[in-house]
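Come along and check each entry against the picture.

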Amino acid sequence: MAKGGGLFNLSKFDVVVVGAGPSGSTAAYLLAKAGFKVLLLERGRGAGSKLLWGGKAYAEPLRKVWPELDKEAPIHRWVTKERISIVWGERALTLEYKLGRKVAFTSPLPELAGWMAKKAESAGALLLDEVPVDEIVVKEGRAVGVRSGNDFVSADVVIDAEGANRILLEKLGLADRPSPYDMALGVKEVLSLDPRLIEERFGLERDEGLSWLILGDITAGIPGGGFVYTMRETIGIGLVLNIGHAAVAAEKGILRDHVSRLVEGLRTHPYFRNYWREADVIEYGGRMTIEGGLRFVPKRLYSNGLLVVGDAAGMLVNTGYTIRGVDTAVTSARLAAEAIIEARDRGGFTEENLRAYEEKVRESYIYRDLVEHSGIAEIFDDPFFFSKVPSLATRAASKLFEADYGEPSLLEAIKRSAEEEEISLLRLMLKVGRVVRRI
Amino acid sequence: MRIVVGVKWVPNTQAVRIDPETGTLIRKGVPSIVNPHDLPAVEAALRLRERVGGEVIVVSMAPPPAVKGLELVLGMGADRAVLVTDRVFAGADTWATSYVLSRAIQKISAEIGRVDLVLFGHETIDSSTSHVQAQVASWLDWPYVYYVSSIEPLGDNAVRVERELEEYEEEYVVELPAVVSIAIKAMKPRPVSLQSKLRAKLERRIITWTNADLKLDPRCVGLKGSPTVVAKTVDMPEVPRKKEVYRPRDPKDAARWIIRKMVEDEKLREVMKGIVGDEL
Ligand SMILES: Cc1cc2nc3c(=O)[nH]c(=O)nc-3n(C[C@H](O)[C@H](O)[C@H](O)COP(=O)(O)OP(=O)(O)OC[C@H]3O[C@@H](n4cnc5c(N)ncnc54)[C@H](O)[C@@H]3O)c2cc1C
Ligand SMILES: Cc1cc2nc3c(=O)[nH]c(=O)nc-3n(C[C@H](O)[C@H](O)[C@H](O)COP(=O)(O)OP(=O)(O)OC[C@H]3O[C@@H](n4cnc5c(N)ncnc54)[C@H](O)[C@@H]3O)c2cc1C
């Protein structure tokens, strides 16, 4: 086949990006814009089709890549209310914070990632979907391209943006198989509801949204939490469960049902169910995410001709009850694109020239947040936080709000509940103090 | 051998819902896919080409978004695709569909090269009449064999086909040109390949024909050319599930429980009586 597509040669690209999630599409967009011939490969049907998340992205890091974000992106609602609830049985304790500025927005991830991929395509990147990459090909210590089935395409630089289930990276020996305690399973339902009802029930204006995090026994004692996000005409609800602990719970018979039943438990929970009364469940799904913090970050984010971005690079900040992976994926991809552009100007994509990427990451907010929240993994190893603390908090609240005719002070209430729960106050204070400092 | 494969762009019926008022399919917002029954036909064509050389041309009568589906089939390795699309073709029943397809096949023969074999899937997931293939064969006045499980080249002018029916197998030698439809289980369609997909994207290998190209009488195509009348559609209401879960440790208890449930349920009791008789 002599006739190529004019611009493109069929088997040689400047950059091949594996995975059209947020990180892959960002890298493809910025590099295509800078004049690179970019091939973006995605195994799903259409970019974003395989993705699932909670639902909230921080806007500022995205605006750095797309200043037109606020006008063009599929933003469903700007988050103006942040809620945190601790539930225990029928009791619930809720804290709400009202935001003013356009800090974060909700959007279904397939839509948002689809938009990012479109951006990459219109900048000139070539997106091929339904193409699974089987291998990143390394020759003489240098990544030279990718293989899918029997076909090979070569590239000066390969960007691995395959997400948290980083099979290719493991095959290359650049990452170890993660411990199940460093991974979590997200399970989710999408409920469809008239937008006016969403606004009335959650007390929102037309384009306003709510982000709601839930701790407590809705996870059946498994370390993790729940979430509720309002989209334009849907509500996403779900749970994130530590896989290692979930497996133990299943073994011990604590978790007897399929995890989707836990989401059903959240949907039908008396404290929550009236927010989505009469809504239809129109979708459900599950996806893995990272909980290992720094432990999940590979020893190196670059090698000869290869950069790792997004979830695959562990660029995800999990505070234990909230997951922030999209803005960090976009930022890491932006830094990778910058490093590649600089390397080109310096004459080649050698290890030395690509090292700048890792340095940029270390100087960025992602790394700072990863370090700051690294203690979270420790909390996850300790189900204490997920069983005793919520039960204690709701008990303490009950002492405050349910007439006991003794009018306890807050400290008194906590102390009394702690005694009932047989927890030493000292142990409790130590734990909570450590957590609060880290979150 | 020049092989044409008919491929239909269908709404993913797993995602389709029925409008409770009109009883028709709600296609809006439902993603479309290549009719899964047609992929084994594409596979059969590619295998024949691998053995005797030639060309595989995919043809589809569909609205423009079907280009996505044609890209997929080109990605499997088909050489080119013809998208037959025009507003006047809309609303076609099987008769009008087969008329347009047969004229498109004749045009391929006249302008691209003589067509030896036309392959189809066995049926579609959205209408599943299995009428289109037989009708195309009659418009072309070619022989037609259906439910074919394997197809082998036999010189330049014939193919040997096997049909696997419920109780026996049949083997035919069919002279070309001919129309053959392939059973869905006949062969596993190959996945899209990176190189084929790249070529599909980069080289313009999808030809679009409208009625300006086919020049068919507008009264014979689309809704106007469709004699089928839908007399009535019946919506089968969804049976509400009881959502009962019983989890005994002993499987015998589970069996007892389920039998009791079946006996207690009036409708099920009737069904059971039909099976085990009055012993119940
Ligand atoms: C339940 C849950 C809730 C979450 N909630 C939030 C939230 O509210 N806010 C937030 O910011 N983040 C959230 N996240 C995290 C966020 O979704 C991820 O951090 C983000 O999607 C990472 O982007 P990425 O591009 O690195 O990887 P991914 O989004 O995983 O994209 C990787 C892409 O690569 C493709 N791919 C993989 N392997 C191959 C291959 N071999 N060949 C071709 N293609 C391949 C995949 O199909 C996929 O499209 C959540 C995650 C989960 C699971
Ligand atoms: C009672 C009835 C009423 C209908 N009314 C309407 C209507 O008003 N409006 C409307 O839009 N549709 C209508 N349809 C649907 C329409 O008739 C069929 O979808 C269409 O003609 C193809 O028939 P089929 O799906 O049954 O294909 P089948 O005959 O089951 O398909 C067999 C094979 O033919 C090939 N094939 C079929 N269609 C195509 C195509 N378009 N391009 C290329 N190859 C093809 C494929 O290889 C397929 O596997 C109606 C169907 C029925 C049964």
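Predicted model: local features only at pLDDT ≥ 70, side-chain atom pairs only at ≥ 80, totals over all residues.

In which loop of chain B is B:P177 found? I traced the chain and found B:P177 in the loop between strand 11 (169–175) and strand 12 (178–182) of chain B.

**Entry 1**

The peptide bond from B:L176 to B:P177 is cis, and its omega is near 0°. I wrote down a reminder: most peptide bonds are trans, and most residues other than glycine have a negative phi.

A:E130 is not a glycine, yet its phi is positive, near 55°. I placed A:E130 in the loop between strand 7 (126–128) and strand 8 (135–139) of chain A. In chain B, B:S130 also is not a glycine and has a positive phi of about 60°. I found B:S130 in the loop between strand 8 (117–120) and helix 4 of chain B.

**Entry 2: around ligand 2**

B:S130 turned up again here: one of its backbone N or O atoms lies 2.8 Å from an oxygen atom of ligand 2. I noted two further backbone contacts. A polar backbone atom of B:A92 is 3.3 Å from a nitrogen atom of ligand 2, and a backbone N or O atom of B:T94 is 3.3 Å from an oxygen atom of ligand 2. On its own, ligand 2 exposes 940 Å², of which the protein buries 79%.

Which elements give two or more residues to the shell around ligand 2? I listed strand 6 (55–61), helix 3 (94–111) and helix 4 (132–140) of chain B. There are 28 residues around ligand 2, and B:G6, B:K8, B:D38, B:T124 and B:T129 come nearest. Sorted by class, I have 15 polar, eight nonpolar and five charged residues in that shell.

**Entry 3: around ligand 1**

Next I moved to ligand 1, where I found 36 residues around it. The closest are A:S23, A:E42, A:K56, A:R287 and A:D311. Two of these names came back when I looked at backbone contacts: a polar backbone atom of A:S23 is 2.8 Å from an oxygen atom of ligand 1, and a backbone N or O atom of A:K56 is 2.8 Å from a nitrogen atom of ligand 1. I also noted A:V133, with a backbone N or O atom 2.9 Å from a nitrogen atom of ligand 1.

How much of the accessible area of ligand 1 does the protein cover? I wrote down 97% of the 1000 Å² that ligand 1 has on its own. Strand 15 of chain A gives the largest share of the shell, three residues. By class, I have 18 nonpolar, ten polar and eight charged residues around ligand 1.

**Entry 4: helices**

I then looked at how two helices of chain A sit together. Helix 1 (residues 22–33) and helix 4 (residues 109–122) of chain A pack at an angle of about 20°, and their axes are 8 Å apart. Angles under 35 degrees count as roughly parallel, so helix 1 and helix 4 of chain A are roughly parallel to each other. Their crossing is left-handed.

My last stop was helix 8 (residues 266–276) of chain B. B:D265 caps its N-terminal end, with a side-chain oxygen 3.0 Å from the backbone nitrogen of B:K267. After helix 8 of chain B comes B:G277, whose phi is positive, near 80°.

Note on methods: Residues numbered from 1 in each chain as written. Chains lettered and ligands numbered in written order. Heavy atoms only, no water. Near = heavy atom within 4 Å. Polar contact = N/O pair within 3.5 Å; in protein donor to acceptor, adjacent residues only side chain to side chain. Areas by Shrake-Rupley, 256 points an atom, 1.4 Å probe, with all protein chains shown as cover. Helix = DSSP H or I, 4+ residues; strand = E, 2+ residues; numbered from the N terminus. Nonpolar A, V, L, I, M, F, W, Y, C, P; charged D, E, K, R; others polar. Axes fitted to C-alpha atoms, helices over the stretch in contact; angles between N-to-C directions. Parallel < 35°, antiparallel > 145°, perpendicular 65-115°, else oblique. Left-handed = near helix turned anticlockwise from the far one by under 90°.
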